[in-house]
Amino acid sequence: MIVQNWWLTTLLQQKYELCPPLQKDISCDVLIIGAGMSGLSAAAEFINKGLKVVVLEKNILAGSSTGRSAGFLTPDSELELSQLVRRYGLSGANEIWEVPVKGIEYIRKNVAQYNITCDFRIQDSLFLGIGKSGWQDVQDELKCRESVGFTNQELYNQQELPSIITSSGFNGAVRYDETYGINALQYAQGMKTVLREHDIKVYESTEVLKIEDHTAFTHAGSVKAEKIIVAIDKMSASFDKLANEVFHAQTFLSVSEPLSDKEVLTMFPNDQFQCWDSTLVYSYFRLIDGNRLLLGGGNGPTTFLPNAWYHEDVIAGVHK
Ligand SMILES: Cc1cc2nc3c(=O)[nH]c(=O)nc-3n(C[C@H](O)[C@H](O)[C@H](O)COP(=O)(O)OP(=O)(O)OC[C@H]3O[C@@H](n4cnc5c(N)ncnc54)[C@H](O)[C@@H]3O)c2cc1C
């Protein structure tokens, strides 16, 4: 096993220009601090709006969570639709669901409009029941999806499962569409080119240390701006008073060696789904560029302990 960020390796397939750090004092109309999916999407909204826009990112663009993401473009999260409905009622769940649906559409539109190479693929979802409550969980999910008006989903029981996934570990599944896979780091670096072509100034390796009087100060320069959008992660209290109320959660990814077409067909005899199971700290897998299988997850303690770090044992448990 090689311990490294696989997505960084995939950047070597393309030509991206590194944007040097800010080293002077400048001013603009809109400053965006942090360029993960949020900051990038904010910046893209200002394309052709006639404003002077600057982006400051302390890493490379998407060098934090976005560039490490497993790239499941789906409105599903730790909570399935049925669980959202249980907790927030139908209209509350709908409202929450609509946010990622719009985000996915936005990303999809950008990939097509700007012709961004980022292993974007249509990848139907397979929500897999596991353990004692697994079969009930997938049936609940199916019922819920039907009750909110989704029409394109299918339920598989344990006997039917081998025709779509070759594993004896699951006891049922729901399949549905309008979900996609993406290499989010390549997407972000592609969007960097788009932003720069539209005269949006991007500075990488540029950490904002403080904001005072409409001015963001970095190690070697500053930006004075009429409006400042903060889209950073791991907020400190100096940026946001609610910072201490955000709790830590993390997940761990692995990427296989390339599989042969035969191996892929053995695993997915019907379609190459993106899959995850019905546990709270769920395991997930999908095929990515080069016939590699991305597989991720974790366990209870390593998901929520802030100082838990990548260890082969964690991913070995997920593989099992
Ligand atoms: C391993 C992993 C797998 C995931 N898988 C999925 C998935 O399959 N599907 C999904 O939808 N979500 C997934 N997620 C979650 C998803 O990646 C995040 O929700 C999303 O990327 C958050 O985007 P963001 O722009 O809010 O934050 P980030 O991507 O973290 O962006 C914030 C940016 O701000 C920068 N920054 C921070 N402080 C400063 C500062 N002081 N000055 C300048 N810049 C600063 C950071 O370097 C960073 O680039 C995954 C996350 C991880 C870690």
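## Helices H3 and H4

H3 passes H4 in a right-handed crossing (the near helix is turned clockwise from the far one by less than a right angle). This is a predicted model, in which local features need pLDDT of at least 70, side-chain atom pairs count only at pLDDT 80 or more, and totals for chains, interfaces and linings use all residues. Residues are numbered from 1 along each chain as its sequence is written, and side-chain values use heavy atoms, without hydrogens and water.

H3 covers residues 81-113 and H4 residues 134-147; helices are DSSP runs (H or I, at least four residues) numbered from the N terminus. Their axes are 12 Å apart, at an angle of about 25° (lines fitted to C-alpha atoms over the stretch in contact, with angles from 0 to 180 degrees between N-to-C directions). That makes H3 roughly parallel to H4 (an angle under 35 degrees).

## Helices H2 and H5

Helix H2 (residues 37-44) packs with helix H5 (residues 184-197) at about 25°, their axes 11 Å apart. H2 is therefore roughly parallel to H5. The crossing of H2 and H5 is left-handed (anticlockwise, by less than a right angle).

## The ligand

The ligand is surrounded by 26 residues (a heavy atom within 4 Å). Ser38, Glu57, Thr66, Phe72 and Val208 are the closest.

An oxygen atom of the ligand is 2.8 Å from a side-chain N or O atom of Ser38. For Asp233, a side-chain N or O atom is 3.2 Å from an oxygen atom of the ligand.

Technical notes: Polar contact = N/O pair within 3.5 Å; in protein donor to acceptor, adjacent residues only side chain to side chain. Helix = DSSP H or I, 4+ residues; strand = E, 2+ residues; numbered from the N terminus. Parallel < 35°, antiparallel > 145°, perpendicular 65-115°, else oblique.
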